[in-house]
Amino acid sequence: MYFGLSQRAAHNSVQVSPWNAVESVMANLWATDKPDGLVFLGVAENTLLHQQVAARANKNAAVNTSDHLSYGVGPRASPRLKKALVPFFNSEFRPSEPVLQKELLVLPGVAAAIDALTWAICNESEGIITPAPFYTGFKPMSALRAGGVLIPAPFKSVEGYRGLDDVFDPDMNRKALEKTLLQATQDGITVRAVLISNPHNPLGRCYATNVTPFVSVLGAGLDECIDSHLVHVMHGMGKDFCATGLRLGVLHSTNEGLIAAVSSISVFGWVPYVVQDVWADMLEDEQFLGDFKLENRKVLAKHFTILRSFLDQHNIPYYSNVHAGVFVWVDLRRYLHGNSAPEPATSAVNVNHDQEVKLFKRFLRAGVVLGWYRISFAVEEQALNLGLQRLGTCLKSIENDGWEN
Ligand SMILES: Cc1ncc(COP(=O)(O)O)c(C=O)c1O
């Protein structure tokens, strides 16, 4: 069959894609009136304050003829959102130099920002190193359009490795990154960047420095290590504001060349003005921001406790030095069996117990770091309890009946 595709499109078209599985999971999701539906604890989303976000957006966002229906100022950001982002960045990320409007570009989510940054920094097949374990989305986001190559920097093979805490240790970072850089260079890959997520995904912990509390790379005093023009920051509304679906992200850079480069393609990632207003409206209201943050922390802590109690009760190890994020990195290696080849888990099935156990086994074998899984806890309490109860039943089945049954 001739599809008439370019080489790059043909290459992408045969990569494993998550969307079929996501679509079938979402079509069969648990709800109080759909008790047999699937509970999805695999995605890094925070739905806990959806009601508050929706209420706020519904009250204040309405399509208007002056700002929302025309091309306006173009794709780089609405003047209102840019203005609202500046004090937010300055108070939230405590930069050593105040952030300026001209240093910001709004894009549809951090995914789009990673794609745009990779495109602007890397030539075809050039590398970006990221500490491992890493957020699995980094790979497709840097590769599928921009043609970058994500290179994980493993810590396990670094001399003196003690455990996952080393991922936050400056000296171990230096060793892991240097070793990976050396290997990549020997493999003929030109490395152009290091990509770090704070809080770390999947470990759910923020980086820290020995000298001052680390808030963000913007205030970390990196002048001795790197030219600040080469440090770029991405932030998204999705996680902190419980709105992954609004697709809002922002790229900050003091590098005029980089901003000009990303501006040149920003028309392809233009966030509708009406959506930009939803975020601007929240950012402009300090009282709302403060209350929202407090409430978010409270509910996240409660849901984290539910997951942690489940893991403790079932004697399941996990990375426990966690204080941020919406997930926990869980060690299910003892449930793995043998060394059968991993099967890609690309489709979901309807739920009944046997199928659920089979499905779960398939996911177990298909882990990115074999045996380790990220379980999200920021879902509605009843769904979280049910999902964990089902997970417990599956694990017990595997323990009692063995892998082959
Ligand atoms: C580290 C990291 N980067 C990027 C993304 C994608 O974010 P967005 O929904 O803003 O595109 C995620 C989402 O899970 C993430 O965890």
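For the classification used here, Ala, Val, Leu, Ile, Met, Phe, Trp, Tyr, Cys and Pro count as nonpolar, Asp, Glu, Lys and Arg as charged, and the others, Gly among them, as polar. On this basis the shell around the ligand in the predicted model divides into 4 nonpolar residues, 8 polar residues and no charged ones. The residues in question are Ala-44, Gly-109, Val-110, Ala-111, Tyr-135, Gly-137, Ser-197, Asn-201, Gly-236, Gly-238, Thr-244 and Gly-249. Helix α5, which spans residues 109–121, supplies the largest share of this shell, with 3 residues.

Confidence in the prediction was examined next. The chain has a mean pLDDT of 92, and 90% of its residues reach 70 or more. In residues 339–350, by contrast, pLDDT stays under 50, and the model has 26 contacts beyond four places in sequence for this segment. Where pLDDT is low, the predicted coordinates should not be read in detail.

The loop between β4 (191–194) and β5 (233–236) contains Pro-199, and Pro-202 is placed in the loop between β4 and β5 as well. The peptide bond joining Asn-198 and Pro-199 is cis, with omega at about 0°. A cis peptide bond also leads from Asn-201 to Pro-202, where omega is near 20°.

Most residues other than glycine have a negative phi, and most peptide bonds are trans. Arg-247, although not a glycine, has a positive phi of about 55°. Its position is in the loop between α8 (237–240) and β6 (249–252). Asn-315 belongs to the loop between α11 (286–313) and β7 (327–331). With 7 C-beta neighbours inside 10 Å, Asn-315 is classed as exposed, the limit for that class being 12 or fewer.

Among the strands, β5 is covered on both faces: Val-233 and His-235 on one side, and Met-234 and Gly-236 on the other, are all buried. Strand β5 pairs with β6 in the antiparallel sense over 4 bridges, and the bridge partner of Val-233 in β6 is His-252. A further antiparallel pair is formed by β7 and β8, which are joined by 5 bridges. Within this pair, Phe-327 stands opposite Ser-376 of β8. Strand β8 (residues 372–376) is largely enclosed by the rest of the structure, because 4 of its 5 residues are buried.

Helix α7 (residues 170–186) comprises 17 residues and reaches 24 Å from its first C-alpha to its last, close to the 24 Å expected at 1.5 Å a residue. Gly-188, which follows α7, has a positive phi near 85°. In helix α11, the residue considered is Lys-298. Lys-298 is exposed, as 11 other C-beta atoms lie within 10 Å. Between the C-alpha atoms of Lys-298 and Gly-127 the distance in space is 39 Å, and the two residues are 171 residues apart in sequence.

Conventions
Residues are numbered from 1 along each chain as its sequence is written. This is a predicted model: local features need pLDDT of at least 70, side-chain atom pairs count only at pLDDT 80 or more; totals for chains, interfaces and linings use all residues. Helices (H or I, at least four residues) and strands (E, at least two) are DSSP runs, numbered from the N terminus. The expected span of a helix is 1.5 Å times one less than its number of residues. A residue is near a molecule or strand if its C-beta atom, placed from the backbone, lies within 6 Å of it. pLDDT is the predictor's confidence in each residue, from 0 to 100. Two residues are in contact if their C-beta atoms, placed from the backbone, lie within 7 Å. A residue is buried if 20 or more other C-beta atoms lie within 10 Å of its own, exposed if 12 or fewer, and partly exposed in between; C-beta atoms are placed from the backbone. Two strands pair if DSSP finds at least two bridges between them.
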